[in-house]
Amino acid sequence: MTAGPPPRGLASRQRRATACAPAVRVAANMAELIVDHVTRQYSTRGEPLVVLRGVSLELSLGQSVAIVGPSGSGKSTLLHLIGTLDRPTSGTIRLQGEDPLALDEAALADFRNRQIGFVFQDHHLLPQLSVLENVLLPTLARGRPGPAELRRAGELLDRVGLRDRLAHRPAELSGGERQRVAVARALIRQPCLVLADEPTGNLDRTSALSVARLLLELHQDHPTMLVVVTHSQEVAALMERQLELNNGTLG
Ligand code: ADP
Ligand code: MG
């Protein structure tokens, strides 16, 4: 058992050392997310719909990127592929030196749960659960949350400004507060990769910028990779790089 008070900041040395444990260690300076010539087409009753025509992207821990582009250009499709929720028609995606899609279904689900945090436009919180329970949800795959998970949930909720709302239900929160809970939930397992699909799309400008800044701050506290799809130029500008998806290519 450990004695003494828990570490106060999320950026403590110990947490840095234990955050984002790689499934396979990759060489120093090597990109930990490699999207290589990925295409995705959907079959339709007529001609196949080609959405992504060869998208490549490399990210290292600590980097953030905004992806902008017109509605229907394939941003969500790309994020789903990077998040291992969908399979490319061709091309490869490697995360931490591993091809997650080569894993069987159970191992893939575990990999995704451990290594990838998602934030969606709609918060996707469970209405019957409290704020604290929602944040702890991703940890349930490992059984009942222990003291470490409870402490981390508390720290994250503190960090997103909702420490005094632990027992609230999502319906009792504002839109911005719900997204803050969703951000805390995405980070509870210290994933390597955080994927946010229009996370501020339903928020007013002030809440949008505050949620985006929060995502960025928490990403900077930890060595994670952050990919944010957004329609907001202001949100995009906060990220380290800005890329546009257009006609199936990213540039
Ligand atoms: P964005 O997120 O940039 O608005 P999407 O990735 O959601 O775009 O969609 C890109 C295109 O692919 C759209 O034309 C959409 O209708 C189409 N699409 C998305 N999912 C499917 C699917 N499961 N089957 C067929 N077409 C799809
Ligand atoms: Mg979309």
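## Strand pairing and the β1–β2 hairpin

Two strands count as paired if DSSP finds at least two bridges between them. In this predicted model, β1 and β2 form a hairpin with 6 residues between them. Strand β1 covers residues 33-42, and its pairing with β2 is antiparallel, over 8 bridges. Within this pairing, valine 38 stands opposite valine 55 of β2.

## The six-stranded sheet

An open sheet of 6 strands is also present, in the order β5-β6-β7-β3-β8-β9, and its pairing is mixed. β5 and β9 (249-250) are the edge strands, each pairing on one side only.

Inside the sheet, β6 and β7 (residues 225-229) run parallel and are joined by 5 bridges. One residue pair here is alanine 196 with valine 228, its bridge partner in β7.

## The nonpolar core

The largest nonpolar core has 58 residues. Those with the most contacts inside this core are Val135, Val183, Ala184, Leu195, Val227 and Val228. Helix α6 (residues 175-187) gives the core its largest share, 6 residues. In soluble globular proteins, nonpolar side chains tend to be buried together.

What does leucine 195 touch, leaving out residues up to four places away in sequence? Its contacts are Leu79, Ile82, Gly83, Ile116, Phe118 and Val227.

## Helix α6

Helix α6 has 13 residues, which at 1.5 Å a residue should span 18 Å; the end C-alpha atoms are 19 Å apart, in agreement with that expectation.

Of the 13 residues of α6, 11 are buried, so the helix is largely enclosed by the rest of the structure. The cut-off behind this is that a residue is buried if 20 or more other C-beta atoms lie within 10 Å of its own.

## Around ligand 1

Which residues are found around ligand 1? They are Tyr42, Leu49, Val51, Gly69, Ser71, Gly72, Ser73, Gly74, Lys75, Ser76 and Thr77. Two elements, β2 (49-59) and α2 (75-82), each give two or more residues to this shell. The largest share, 3 residues, comes from α2.

By type, the shell around ligand 1 has 3 nonpolar, 7 polar and 1 charged residues.

Technical notes:
Residues are numbered from 1 along each chain as its sequence is written. Chains are lettered from A and ligands numbered from 1 in the order in which they are written. This is a predicted model: local features need pLDDT of at least 70, side-chain atom pairs count only at pLDDT 80 or more; totals for chains, interfaces and linings use all residues. A residue is near a molecule or strand if its C-beta atom, placed from the backbone, lies within 6 Å of it. Helices (H or I, at least four residues) and strands (E, at least two) are DSSP runs, numbered from the N terminus. Ala, Val, Leu, Ile, Met, Phe, Trp, Tyr, Cys and Pro count as nonpolar, Asp, Glu, Lys and Arg as charged, and the others, Gly among them, as polar. A nonpolar core is a set of buried Ala, Val, Leu, Ile, Met, Phe, Trp, Tyr and Cys residues joined through C-beta atoms within 7 Å. A residue is buried if 20 or more other C-beta atoms lie within 10 Å of its own, exposed if 12 or fewer, and partly exposed in between; C-beta atoms are placed from the backbone. Two residues are in contact if their C-beta atoms, placed from the backbone, lie within 7 Å. The expected span of a helix is 1.5 Å times one less than its number of residues.
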